[in-house]
Amino acid sequence: FFHPSGRREDTFIAGFSMGGYGALKAALGKPEKYAAVAVLSCVADPVALGQGGFSAEVTSPADMTGNITRIFGGAEKFYGSDNDLAALLRGLDKTDGPKPAVFQCCGAEDFLLSQNRDLNSLFSREIKTIHHTYREGPGGHNWAYWNRALPGVFEFFGFPDKSPLTEA
């Protein structure tokens, strides 16, 4: 129905919150597949999130720490593994070959702001071969912020100003 391209230069991935973690993990794990990735209010460190990183703004699952441990095996198995975004970035930065461009943004009132700032700082300090754009602005962990941020994502991906979903 949509006739998608199989070419890397036409393939993008994006996600919000935990979906941002998944999108970034997918793009970093398969850089030959994705030209760019966009993450909005990204969970950059799910283990830290599972250890009390939620706020009153977001209702956490009753057993978030247990869920994170079951999924990732806890901190001792997570850090440095293929699930650790920082480790994936450091590893990819040292390789030749394709690397996806990264667009990252987060609201200034988002409970994940510190994780997003830390990820941005990692790019600034250590990651030299991956194009990265970071934006921060007013807003929380909600669709009001994400709807305002989405035009920046489409611009980053190189889509035209008028999408087929908007009126002429």
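The model you are looking at is predicted. Let us begin with the overall layout. The chain contains 7 helices and 4 strands, and reading along the sequence gives the order β-α-β-α-α-α-α-β-α-β-α. Of its 168 residues, 46% count as buried. If you take the contacts between residues at least 6 apart in sequence, 70% of them link residues at least 24 apart.

Now turn to the helices. A packed pair of helices is described by two quantities, the angle between the axes and the distance between them. For helix α1 (residues 18–29) and helix α5 (residues 85–93), the angle is about 25 degrees and the axes are 10 Å apart. Angles under 35 degrees count as roughly parallel, so α1 and α5 are roughly parallel to each other. Their crossing is left-handed. To find the contact on your screen, select Tyr 21, Leu 24, Lys 25 and Leu 28 on the α1 side, which meet Leu 85, Leu 88, Leu 89 and Leu 92 of α5. By residue class, this contact comprises 7 nonpolar residues, no polar ones and 1 charged.

Helix α5 has another partner to visit, helix α6 (residues 113–125). Here the axes come within 11 Å and cross at roughly 15 degrees. By the cut-off of 35 degrees, α5 and α6 are therefore roughly parallel too. The crossing of α5 with α6 is right-handed, whereas that of α1 with α5 is left-handed. In this contact, Ala 86, Leu 89 and Arg 90 of α5 meet Leu 119, Leu 122 and Phe 123 of α6. The residues here divide into 5 nonpolar, no polar and 1 charged. Notice Leu 89, which is listed in the contact with α1 and again in the contact with α6.

With a relative accessible area of 7%, Leu 92 is buried. Setting aside neighbours within four places in sequence, Leu 92 is in contact with Leu 28, Pro 31, Pro 98, Lys 99, Pro 100, Thr 129 and Ile 130. Leu 28 belongs to α1 and is part of the helix contact described above. Ile 130 lies 38 residues from Leu 92 along the chain, yet the C-alpha atoms of the two are separated by 8.5 Å.

Next come the cysteines. How many disulfides does the structure hold? There are 0. The cut-off for a disulfide is 2.5 Å. Both residues are hidden from the surface probe: Cys 42 is buried at 0% relative accessibility, and Cys 106 is buried with a relative accessible area of 0%.

Most residues other than glycine have a negative phi. Ser 41, however, has a positive phi of about 50 degrees although it is not a glycine. Ser 41 is in the loop between β2 and α2 and is buried at 0% relative accessibility. Ser 17 also has a positive phi, near 55 degrees. Its place is the loop between β1 (12–16) and α1, and Ser 17 is buried with a relative accessible area of 17%.

The last stop is Asp 45, found in the loop between β2 (36–40) and α2 (46–50), where Ser 41 is also placed. Is Asp 45 buried or exposed? Its relative accessible area is 19%, and buried means under 20%, so Asp 45 counts as buried. Beyond its neighbours within four places in sequence, Asp 45 is in contact with Phe 78, Tyr 79 and Gln 115. Phe 78 is 33 residues from Asp 45 along the chain, and their C-alpha atoms are separated by 9.4 Å.

Notes: Residues are numbered from 1 along each chain as its sequence is written. This is a predicted model: local features need pLDDT of at least 70, side-chain atom pairs count only at pLDDT 80 or more; totals for chains, interfaces and linings use all residues. Side-chain values use heavy atoms; hydrogens and water are left out. Buried means under 20% relative accessible area, exposed over 50%, partly exposed in between (1.4 Å probe, protein chains only). Axes are lines fitted to C-alpha atoms, for helices over the stretch in contact, and angles run from 0 to 180 degrees between N-to-C directions. Helices (H or I, at least four residues) and strands (E, at least two) are DSSP runs, numbered from the N terminus. Angles under 35 degrees count as roughly parallel, over 145 as roughly antiparallel, 65 to 115 as roughly perpendicular and the rest as oblique. A crossing is left-handed if the near helix is turned anticlockwise from the far one by less than a right angle, and right-handed if clockwise. Contact means heavy atoms within 4.5 Å. Ala, Val, Leu, Ile, Met, Phe, Trp, Tyr, Cys and Pro count as nonpolar, Asp, Glu, Lys and Arg as charged, and the others, Gly among them, as polar.
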